[in-house]
Amino acid sequence: MATQANDKTGSLFISKDKFESAACDCGLEPKMTELLWAKLSESSSQRIIAGATAPRQDAANVNNWHWFETDLLPWAKERLAALLVGIAAVGVPDKGWVKVTSLESCTGEASCSNRKGKRIVAYELDVKCKWKGEVDYDEVEGELLLPYVSEDMASSGYDIKIVAKEKSDASHKKAVRYLEKQLPEMKKRMQSFTDDIYAK
């Protein structure tokens, strides 16, 4: 089939791949590139050559082929709270107790994106939980810290730190030791978080 020559004065025949390459060279973001292609395709009366396919009129993203990104930060906060809050030490004498009571903050980024059928999960979170309890009839409290929850650390395991509010206090020191015995359970639950976010 003969290829019609481009008329540079009034019209232009271009493949979608060439269009995307030119848009990238001009510094356009992928989302803007897709929007511009869709807009041009709507108004074009020319045929599209070289295997390029115009977007569907119903705007359906068939098989997630086109670029999209979903913000997973709200989900991550909710999921981490469900997994971590309530973890409690066992065997604290004299009816004592120590447990994670709340998710204080979860900052950073978490997203799932798709480009030409390839799914990409990315996250980097700083997580802070609060723990409280009673040891030797003294009230104790502190923080459970996960400073770098990221896909880079998923395979090796996330760093988990248990910090007492009063580091030199004997009851607080005991509380930390009681709660540290639950580290294997915490790591197990964080593995569940990893599995869940990649399944989103």
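This is a predicted model: local features need pLDDT of at least 70, side-chain atom pairs count only at pLDDT 80 or more; totals for chains, interfaces and linings use all residues.
Strands, such as the one in the first view below, are DSSP runs of E spanning at least two residues, numbered from the N terminus.

View 1. Leaving aside residues up to four places away in sequence, S105 touches D126, V127 and K128. K130 stands 25 residues from S105 along the chain, and the C-alpha atoms of these two residues are 9.5 Å apart.

**View 2. A negative surface patch that includes D152.** The patch is formed by E69, D71, E109, E124 and D152. Of these residues, D152 is found in the loop between β4 (138–150) and β5 (161–164), and D152 is exposed, with 54% relative accessible area.

**View 3. K95, a loop residue with positive phi.** Most residues other than glycine have a negative phi. K95 sits in the loop that runs between α3 (73–84) and β2 (97–115), and with a relative accessibility of 79% K95 counts as exposed.

**View 4. D136, in the loop between β3 and β4.** Although D136 is not a glycine, its phi is positive, at about 55°. The loop that holds D136 lies between β3 (118–135) and β4, and D136 is partly exposed there, with a relative accessible area of 31%.

Key. Residues are numbered from 1 along each chain as its sequence is written. Side-chain values use heavy atoms; hydrogens and water are left out. Patches are made of residues with over 30% relative accessible area and no salt bridge: like charges are joined within 9 Å, nonpolar side chains (Val, Leu, Ile, Met, Phe, Trp, Tyr) within 5 Å. Accessible areas come from the Shrake-Rupley method with a 1.4 Å probe; for residues, only the protein chains shown count as cover. A salt bridge is a side-chain nitrogen of Lys or Arg within 4 Å of a carboxyl oxygen of Asp or Glu. Lys and Arg count as positive and Asp and Glu as negative; His and the chain ends are not counted. The place of a charge is taken as NZ of Lys, CZ of Arg, CG of Asp or CD of Glu. Helices (H or I, at least four residues) and strands (E, at least two) are DSSP runs, numbered from the N terminus. Buried means under 20% relative accessible area, exposed over 50%, partly exposed in between (1.4 Å probe, protein chains only). Contact means heavy atoms within 4.5 Å.
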